Amino acid sequence: RDESSHMSGLPSTIFIFAGEGAHSASPDLTVLKTSPSWPACDAALQELLGRGLEGFLSAESGNHQAPVSPVITTLINILHADLWRSWGYAPTFALGHSIGEVAAAYVAGLFSIKEALELADQLGRVAAELPGAMVHTVVPAASLSNFPHKGLHLAAVNCTLPDSTDVSVSLCGTERHAAEWLASDEGATKLTPAHPWHHPLYRTTAARSEEHTSELQSQIGSR
């Protein structure tokens with residue numbers, strides 16, 4: 001709760017947005033089509049990819065490959081957020097995991113729908129250029145500073161295990177390095193994402209889009 005909500009005795013409303021992987025094939029769009037931002041999302045998608053919103057979501061929602069998947073996730077998150085807001089739920093906080101941060105920034109007023117979709121598309125194109133894999137495992141918290149390790153990078157520190165100094169982590173890297181880690185760590189499992197999300201090399205690849213990113217940052221700074 002924030003201080004104003006606490007003083008009034010009212011609970012805060014928090015919007016939490018999922019990262020890639022939350023969408024499934026053959027979605028029922030009936031409720032989403034009632035979102036007040038449906039027309040704006042449709043117009044922005046037409047301008048960005050030359051595709052209509054309903055046809056895009058119907059055809060691509062089972063697609064978890066970049067560059068399309070981040071755009072799908074962002075669209076679904078925005079449509080849900082504005083639907084909830086139209087029902088009277090105004091968020092006190094907006095949080096997002098991974099690509100979900102884009103929708104959180106939109107709800108916070110940092111991006112327009114057009115800007116949010118442009119950024120999601122940009123991130124998707126960066127991810128498409130870097131194939132790889134992800135691994136989940138548990139490591140001592142003291143070892144986090146050793147990464148990158150055995151060719152894998154820290155993608156996320158998920159949580160500290162109860163009554164332990166170990167932490168749950170997601171790692172990312174090449175298919176070869178992921179396979180080598182899995183062969184040497186019995187407790188590790190390969191994750192299902194088709195890309196090494198959060199890989200630090202995304203920054204290097206994204207540098208080619210630096211002009212567009214700087215433009216967005218300038219727009220954010222003026223708000």
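This is a predicted model: local features need pLDDT of at least 70, side-chain atom pairs count only at pLDDT 80 or more; totals for chains, interfaces and linings use all residues.
Most residues other than glycine have a negative phi, and most peptide bonds are trans.

A second residue with a positive phi is H198, whose value is about 75° although H198 is not a glycine. H198 is found in the loop between strand β6 (189-190) and helix α8 (201-206), and with a relative accessibility of 29% this residue counts as partly exposed.

A cis peptide bond is also found on the way from A66 to P67, where omega is near 10°. P67 is placed in the loop that lies between helices α3 and α4.

## The protein as a whole

The protein has 223 residues, of which 40% are buried, and its chain forms nine helices and six strands. Its accessible surface comes to about 11800 Å², and carbon and sulfur atoms account for 55% of that surface.

When contacts between residues at least 6 apart in sequence are considered, 70% of them join residues that are at least 24 apart.

L53, which is found in helix α3, is buried, with a relative accessible area of 0%. Leaving aside neighbours within four places in sequence, L53 is in contact with W38, C41, D42, L45, L75 and L79. The C-alpha atoms of L53 and A43, which are 10 residues apart along the chain, are separated by 8.1 Å.

L95 has its place in strand β2 and, at 46% relative accessibility, counts as partly exposed.

The loop between helix α4 (68-86) and strand β2 contains A90, which counts as exposed at 57% relative accessibility. Although A90 and T13 are 77 residues apart along the chain, their C-alpha atoms are separated by 6.7 Å.

## Salt bridges

Side chains of opposite charge can pair when their charged atoms come close. The structure holds eight salt bridges, and one of them is formed by the side chains of R85 and D82, with a distance of 2.7 Å from N to O. Both residues lie in helix α4, three residues apart, which is about one turn of the helix. R85 counts as partly exposed at 30% relative accessibility, whereas D82, at 8%, counts as buried.

Another salt bridge joins the side chains of E118 and K114 at 2.6 Å, N to O; because E118 and K114 are four residues apart in helix α6 (residues 113-128), about one helical turn separates them. K114 is partly exposed, with a relative accessible area of 36%, and a network of salt bridges links E47, K114 and E118. The side chains of E175 and K190 also meet in a salt bridge, at 2.9 Å from N to O, and this pair links distant parts of the chain, with E175 in helix α7 (residues 175-184) and K190 in strand β6, 15 residues apart. Both members of the pair count as partly exposed, E175 at 42% relative accessibility and K190 at 46%.

Technical notes
Residues are numbered from 1 along each chain as its sequence is written. Side-chain values use heavy atoms; hydrogens and water are left out. Helices (H or I, at least four residues) and strands (E, at least two) are DSSP runs, numbered from the N terminus. Buried means under 20% relative accessible area, exposed over 50%, partly exposed in between (1.4 Å probe, protein chains only). Contact means heavy atoms within 4.5 Å. Accessible areas come from the Shrake-Rupley method with a 1.4 Å probe; for residues, only the protein chains shown count as cover. A salt bridge is a side-chain nitrogen of Lys or Arg within 4 Å of a carboxyl oxygen of Asp or Glu.
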